[in-house]
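Good morning, and thank you for coming.

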Amino acid sequence: MAENRIMLPAILPPELKLQVKRRSVCRHLQLKISNVAYVLTLTAPLKCPVRQINAFLQAEAENILSFLQKSGPARENYLKLLQNKEVFYLFGQECKRYVVRQASKTAAEVKQEAETYTFYVPQAWTQEAVATFMHNYFRRLLMQKIADLRPELETRLGLTASYHIRRMKTRWGTCNVAKAKININSDLLLFPVSCLEYVMCHELLHLKERRHNRHFYELLTEYCPDWRASAEILCKRHYLCLLDNL
């Protein structure tokens, strides 16, 4: 009867919990790990066969294990990691994050050296305050990257829009054609810049063609020739979120 059950691959730690969500709006199998709760969440299309889900988990098992080894083995270590060192991805690059509490500080500051980010925060700050500060800092980095990509991309396409960062569960971006307003998924901060550029181009092109029809994909191929490579990276979600609630 095991073939009728969704099961974690044997190489994964037994204490890792699996949570399965089936959604009618979901088109692809997606994985996400909570570093706090030590839970692997799998989102699947409503009618996706159990056999296909188990095969997907088996194929991703080594990536999941690698993530767990880098991010800390269990929930009780999370606060300790946050106080000292944590590995995370920033625009596809592996980085390190440190939090240093100082009694003399009244305001927080960030120092960056290569791929290392050190957050100096007041000793009295709660974990929630530290997390909020880091959350806002990394969102600003994503917005700055959007601002860097925007001029060349909009000039090339002959289109313009306003950009906003949102936490989204099933989409990498959305476009309100009437208002020329584009929402960008905050998780794109973790992926290579090429993925962010692809999503921006994709959503901008909806100002020319609303639907995902043949004409739309002809435009996408013309203005973003390597879009399929970026779409594949996003579909596989190899850069799992190490910054919870980012």
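**The contact of α3 with α4**

In this predicted model, Leu142, Lys145, Ile146, Leu149, Arg150, Glu152, Leu153, Glu154, Arg156 and Leu157 of α3 meet Val193, Leu196, Glu197, Met200, Cys201, Leu204 and Leu205 of α4; contact means heavy atoms within 4.5 Å. These residues of the contact comprise 11 nonpolar, no polar and 6 charged. Here Ala, Val, Leu, Ile, Met, Phe, Trp, Tyr, Cys and Pro count as nonpolar, Asp, Glu, Lys and Arg as charged, and the others, Gly among them, as polar.

How do we describe two packed helices? We use the angle between their axes and the distance between the axes. Helix α3 (residues 127-157) and helix α4 (residues 193-205) pack at about 50°, with axes 10 Å apart. Therefore α3 is oblique to α4, as angles under 35 degrees count as roughly parallel, over 145 as roughly antiparallel, 65 to 115 as roughly perpendicular and the rest as oblique.

Next, consider one residue. Ser230 lies in helix α6 (residues 227-236) and touches Ser194, Cys195 and Tyr198, not counting residues up to four places away in sequence. Is Ser230 buried or exposed? Ser230 is buried because its relative accessibility is 6%, and buried means under 20% relative accessible area (1.4 Å probe, protein chains only).

Finally, confidence. The chain averages a pLDDT, the predictor's confidence in each residue from 0 to 100, of 84.

Residues are numbered from 1 along each chain as its sequence is written. Local features need pLDDT of at least 70, side-chain atom pairs count only at pLDDT 80 or more, totals for chains, interfaces and linings use all residues, and side-chain values use heavy atoms, leaving out hydrogens and water.

Note on methods
Helix = DSSP H or I, 4+ residues; strand = E, 2+ residues; numbered from the N terminus. Buried < 20%, exposed > 50% of the residue type's maximum accessible area, 1.4 Å probe, protein only. Axes fitted to C-alpha atoms, helices over the stretch in contact; angles between N-to-C directions.
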